[in-house]
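Open the model in your viewer and keep the selection tool at hand. Here is a short tour, stop by stop.

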Amino acid sequence: MGLYLNPGHEAFRQIRRSVYVDKTELIDFINSTIETPAKLTSFSRPRRFGKSFAAKMLCAYYDKSCDSGELFQGLKISEKDSYEEYLNKFDVIYWDITRFISRSKSRGTDVVADIQSATIEELRKAYPEYVDVNELYLPDALYGISQETTNKFVIIIDEWDALFREAKDDVAVQKEYVQLLRGLFKGGPATDETIAAAYMTGILPIKKYGTESALTDFREYTMAEPSILADYVGFTEEEVKALCAKYHMDFESMQTWYDGYSFSKIQHVYSPNSVILAIQNDIYRNYWTASETYESLKKYIEMNFDGLKGAIVSMLGGEEVKVKINTFQNDMTSFNNKDDVLTLLIHLGYLAYDSTTEKLSIPNLEVAGAFGDAVRSTDWEYVSIAIQDSDDLLEATIKGDSEKVEAALERTHESVASVLEYNNEASLSAAVILAYYTARRYYEIVHELPTGKGFADLAFLPRRNTEYPALIVELKYDRDADTAIRQIKEKRYDGRLKEYFDNLIMVGINYDKDTKKHNCLIEQA
């Protein structure tokens, strides 16, 4: 066993000892690609989404230097027809690119040479008669071994894109790295006779130069379109429900905090690391900023592209935003428009993308907290102030202080309308949700909630284990707040609001577009 050649199964053994969700059917998928034209797989996901867990699982399964049968016994893969055929049958090369960067003296320029020399050194120890002492080029070393032994390799690359993130301005080292990968995976006899399968994982999809992928033979699965691998992006709802039952956790809270990603083949995907930490710590909180500061988000949302601020403000206000993802070059520097920045935020996990509607949204309470922290430190004036003051606004609403609510909404609506491409009831709704931004910690905010005879424009339904009253908000444009309150009363309180009848506050809000004034009326039901 070595660090890079046949690293063994101890890492996966340790994963099995912790909070564990069986994702081993991913192995069956990779097995189906072995020695086929589809044998090169790239599967990108954000941090905290189990990328390294999957890579270590694959190492443990394919590595012929160990016996991993016990680790996979009883797991889903053990029931598949392909299980015995490939279990511990290959030489595995495993790279965690961040490890090479960490030990690099130059933080980049010598990484590619280090990858090759370190791997060749281990290959030479394992196959001394087939690797020349002067060999410096890894693809040739692998080809020579395969020619003499007929052995083929499974190559697993974790954090494959780290150089594009850590050395994002060093174009020369990025191109050198891409050239190495092309040498390994470019197709033809060298690849066909050497590589049984390859699996790359990272945050970014494969780098594009213009419209073409740098590694055209890879089949790509991403946060924008995971396709048949959607089940393995994160934890599914069924998996989270099972964990909550096993560890006596509240599923509704887990859903509120960590759900929100959805794809065409699976509608509820949870952030795995956050779910695991919530179980281990027995508390629901924002684990997102525990592993990455809000500054990393702030620098992207403050970029100077037309429409970017408006898109972010719309999503802060609960709206979905249209995006075109095709021009993104899959790196951290080549931004040409707001859509490129927003697409990066999809791959970083800050935004959820619906490929059917091509729309974005902020996925859950945890990520909403990261956005709130980032915006508070911007110079976005009233937007930042609105988020900072939203706890006070909620308290004023509950106390019935309509004047304070009117003043806060006026400030926020003015700011929202100034950066949005619309100034109508939709902008008023976005302004209200933004003004009550931190209230989502205590409430589920529902648009157009059925109330018996119609729909409530906005309903703030208290989350479990909170003592806050429910709020029902009716919005009017060029009418009056009295009309809004009367309309709430006429709709009655059936459906989900019925249980809150004894603890319900009605909020009528009207906006006069001529005077740009807000009128608010608050009554206890």
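A salt bridge is a side-chain nitrogen of Lys or Arg within 4 Å of a carboxyl oxygen of Asp or Glu. The whole structure holds 20 salt bridges. This is a predicted model: local features need pLDDT of at least 70, side-chain atom pairs count only at pLDDT 80 or more, and totals for chains, interfaces and linings use all residues. Residues are numbered from 1 along each chain as its sequence is written, and side-chain values use heavy atoms, with hydrogens and water left out.

**Stop one: Glu239 and Lys23.** Select both. Their side chains form a salt bridge, 2.8 Å from N to O. Glu239 sits in helix H12 (residues 237-247) and Lys23 in the loop between H1 (10-16) and H2, so the pair ties together parts 216 residues apart in sequence. Helices here are DSSP runs (H or I, at least four residues), numbered from the N terminus. Glu239 and Lys23 are both buried (buried means under 20% relative accessible area, exposed over 50%, partly exposed in between; 1.4 Å probe, protein chains only).

**Stop two: Lys125 and Glu121.** Both lie in helix H7 (residues 111-126), four residues apart, about one turn of the helix. Lys125 is exposed, at 65% relative accessible area. Glu121 is partly exposed, at 44%.

Which residues are linked with Arg17 in a network of salt bridges? Select Glu10 and Arg13. Between Arg17 and Glu10, the closest N and O atoms are 4.0 Å apart.

Note on methods
Helix = DSSP H or I, 4+ residues; strand = E, 2+ residues; numbered from the N terminus.
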